[in-house]
Amino acid sequence: MKKQILSLAVIALLAFGVQSCEKKEPKPAEDELTLGNKVDSLTTDIEEVKDSAVVKAENAAAKAKEATQKAADDVEAAAKKTATDVKDATKKGAEKVENAAKAAKDGTVKTAKDVKEALKK
């Protein structure tokens, strides 16, 4: 009986050993890449860097365009405001001169001092 149990144990160990020795295909490690795979990897990396650089350049160009447009709009607005201010100042100055001339014509202004005061109004 001991021999039968011993025989069964040996057979079980052999079966377990055969099972664990199944042929497994080894996967190539990172450092075992072939030269072709390394070249492909480097080519892909270079293309990604190039694409990234192109995207960054396009973004910078878009930002520069927006800034230029904003500056042009600001200059245009400032020019319009300046033109309006000059027009208003010219109109006020002309009104003052006209009032002084009317006063002088009407004879209400008798001296240069009066003319000066009329211009201040």
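Reader: Is Asp-74 buried, partly exposed or exposed?

Author: Read the relative accessible area against two cut-offs. Buried means under 20%, exposed means over 50%, and partly exposed lies in between. Asp-74 has 43% relative accessibility, so it counts as partly exposed. Keep in mind that this is a predicted model.

Reader: Which side chain meets that of Asp-74 in a salt bridge?

Author: Start with the general idea. Side chains of opposite charge can pair when their charged atoms come close. Here the partner of Asp-74 is Lys-70, at 3.3 Å from N to O. Lys-70 is exposed, with a relative accessible area of 52%.

Reader: How many residues apart are Asp-74 and Lys-70 in helix α2?

Author: Four. They are therefore separated by about one helical turn.

Reader: How many salt bridges does a search of the whole structure find?

Author: Three. The criterion is a side-chain nitrogen of Lys or Arg within 4 Å of a carboxyl oxygen of Asp or Glu. Glu-76 and Lys-80 form one of them, with their closest N and O atoms 3.5 Å apart. Asp-85 and Lys-81 form another, at 3.1 Å from N to O.

Reader: Where do Glu-76 and Lys-80 lie? And where do Asp-85 and Lys-81 lie?

Author: Glu-76 and Lys-80 are both in helix α2, four residues apart, or about one turn. Asp-85 and Lys-81 also both lie in helix α2, four residues apart, again about one turn.

Reader: Which residues gather in a patch of negative charge on the surface?

Author: Patch members have over 30% relative accessible area and no salt bridge, and like charges are joined within 9 Å. The patch here consists of Asp-45, Glu-47, Glu-48 and Asp-51. Take Glu-48 as the example. Its place is in helix α2, which covers residues 35–106. Glu-48 counts as exposed because its relative accessibility is 51%.

Reader: How many helices and strands does the chain have?

Author: Three helices and zero strands. From the N terminus, the order is α-α-α.

Reader: What share of the residues counts as buried?

Author: Of 121 residues, 3%. For the surface, look at total area and then at atom type. The accessible surface comes to about 11300 Å², and 62% of that belongs to carbon and sulfur atoms.

Conventions:
Residues numbered from 1 in each chain as written. Predicted model: local features only at pLDDT ≥ 70, side-chain atom pairs only at ≥ 80, totals over all residues. Heavy atoms only, no water. Patch = residues over 30% accessible without salt bridge, like charges linked within 9 Å, V, L, I, M, F, W, Y side chains within 5 Å. Areas by Shrake-Rupley, 256 points an atom, 1.4 Å probe, with all protein chains shown as cover. Lys, Arg positive; Asp, Glu negative; His and termini not counted. Charge placed at Lys NZ, Arg CZ, Asp CG, Glu CD. Helix = DSSP H or I, 4+ residues; strand = E, 2+ residues; numbered from the N terminus. Buried < 20%, exposed > 50% of the residue type's maximum accessible area, 1.4 Å probe, protein only.
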